[in-house]
Amino acid sequence: MQNSTLENQTINENYEVNRILKMTELDWEVRKEDLIAMPSNLETPCAGLFKDDTDKYLGVVSKRYVVYQNRELVDTIMEAAKNFDLEIVKGGYLYEGERVYLQLELPNIYVGNSEVRRYITAMNSHNGKGSVVFGATNEILNMTETGIESKKFFQIFKEMDKFRHTSSVHTRVNNAIKGLFGSITKENQTTILMEKMSKVKVKDEVLREIMFKCYKIDLNKSISELPTRTQNRIKQSSAILEGEIKKQDGSMWGLFQGVLKNTELNSPKKNTIDDNVYAGSGRAINMKAFNVIKDYINTTI
């Protein structure tokens with residue numbers, strides 16, 4: 001009877017893993033192939049990583065590198081999430097497979113005039129440049145005349161426990177549990193800060209710092225002295241920031257959303273918006289703005 005119960009449990013877990021892989025479009029594996037030097041056909045100590053369904057080149061690693069497949073990531077995060085009564089509800093891949101991520105849903109909140117959908121995010125690299133890391137994604141929704149407008153903010157919690165691909169299954173699950181716990185705590189702190197943003201009016205010094213740190217625009221200089229292309233960029237960015245600030249009653253919350261909107265609108269054409277927000281220069285810009293506002297609020301309130 002006990003063996004039958006365990007078999008049924010394994011079948012159910014495998015079914016759930018397969019369901020999540022298909023839902024998130026992560027039902028593929030990474031192939032590792034030895035690299036040789038051409039045209040001499042010489043052996044090298046390196047191997048190439050390739051997405052098996054498209055043959056997309058993902059990165060170069062040593063031959064000893066251990067690939068951590070999507071199925072293993074889903075299985076680990078799914079097992080760890082049981083400790084918090086959380087479920088994997090979203091996921092996907094970035095840069096055509098170089099990175100993959102899974103998201104666990106937290107309760108929605110409302111900040112200012114916005115709905116905030118909250119997710120704990122686990123991300124793995126298939127380009128040989130990192131371990132599994134944890135963070136959080138906030139999807140901010142606002143009603144507009146044409147429908148619902150969405151903006152995303154993603155942050156990696158670098159101080160959270162991470163695990164290497166070579167770790168044992170037991171270590172992976174334990175580190176995932178710690179990483180999820182720490183991420184939930186950090187994400188709660190983020191939502192508290194967002195609520196404070198909605199209650200603090202925009203200050204000129206904060207706006208100037210964000211324009212300089214995020215866009216390399218010095219508002220102390222006369223705009224007429226700048227190249228035409230830079231002038232147009234300033235006007236476009238400023239208009240978006242002003243529009244979002246107005247929607248959020250002149251608050252820092254609107255300023256922050258303006259930066260997020262600029263990031264999405266200025267994503268490189270060769271990449272997706274998610275590439276830019278989760279793993280590109282856009283993530284760095286968003287974090288700079290977040291930290292500027294956070295530092296101001298923490299030192300003045």
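**Entry 1: salt bridges**

Which side chain does Lys 51 meet in a salt bridge? I found that Lys 51 pairs with Asp 53, N to O at 2.9 Å. I count a salt bridge when a side-chain nitrogen of Lys or Arg is within 4 Å of a carboxyl oxygen of Asp or Glu. Lys 51 is buried, with a relative accessible area of 4%. My classes are buried under 20% relative accessible area, exposed over 50% and partly exposed in between, with a 1.4 Å probe and protein chains only.

Before going on, I noted the ground rules. This is a predicted model, where local features need pLDDT of at least 70 and side-chain atom pairs count only at pLDDT 80 or more, while totals for chains, interfaces and linings use all residues. Residues are numbered from 1 along each chain as its sequence is written, and side-chain values use heavy atoms, with hydrogens and water left out.

I then searched the whole structure and got 18 salt bridges.

Next I looked up Asp 274. Its side chain forms a salt bridge with Lys 152, at 3.1 Å from N to O. This pair links distant parts of the chain, 122 residues apart: Asp 274 sits in helix H7 (residues 273-279) and Lys 152 in strand E8 (residues 147-156). I take helices (H or I, at least four residues) and strands (E, at least two) as DSSP runs, numbered from the N terminus. Asp 274 is partly exposed, at 21% relative accessible area.

**Entry 2: a pair within H4**

I checked Glu 209 and Lys 213. Their side chains meet in a salt bridge of 2.8 Å, N to O. Both residues lie in helix H4 (residues 204-215), four residues apart, about one turn of the helix. Glu 209 is partly exposed at 32% relative accessibility. Lys 213 is also partly exposed, at 38%. I noted a network elsewhere too: salt bridges with shared partners join Glu 149, Lys 151, Glu 244, Lys 247 and Lys 261.

**Entry 3: H4 against H8**

How do the axes of H4 and H8 cross? They come within 9 Å, at roughly 155 degrees, with H8 spanning residues 281-300. The axes are lines fitted to C-alpha atoms, for helices over the stretch in contact, and angles run from 0 to 180 degrees between N-to-C directions. H4 is therefore roughly antiparallel to H8, a label for angles over 145 degrees.

The contact residues divide into nine nonpolar, no polar and four charged. Here Ala, Val, Leu, Ile, Met, Phe, Trp, Tyr, Cys and Pro count as nonpolar, Asp, Glu, Lys and Arg as charged, and the others, Gly among them, as polar.

**Entry 4: backbone**

Most residues other than glycine have a negative phi, and most peptide bonds are trans. I looked for exceptions. The peptide bond from Met 38 to Pro 39 is cis, with omega near 5 degrees. Pro 39 is in the loop between strands E1 (30-37) and E2 (42-51).

Asp 85 has a positive phi, near 55 degrees. Its loop runs between helix H2 (70-81) and strand E4 (88-94). Asp 85 is exposed, at 73% relative accessibility.

Asp 249 also has a positive phi, near 55 degrees. I located Asp 249 in the loop between helices H5 (228-247) and H6 (252-265). Asp 249 is exposed too, with 51% relative accessible area.

Note on methods. Angles under 35 degrees count as roughly parallel, over 145 as roughly antiparallel, 65 to 115 as roughly perpendicular and the rest as oblique.
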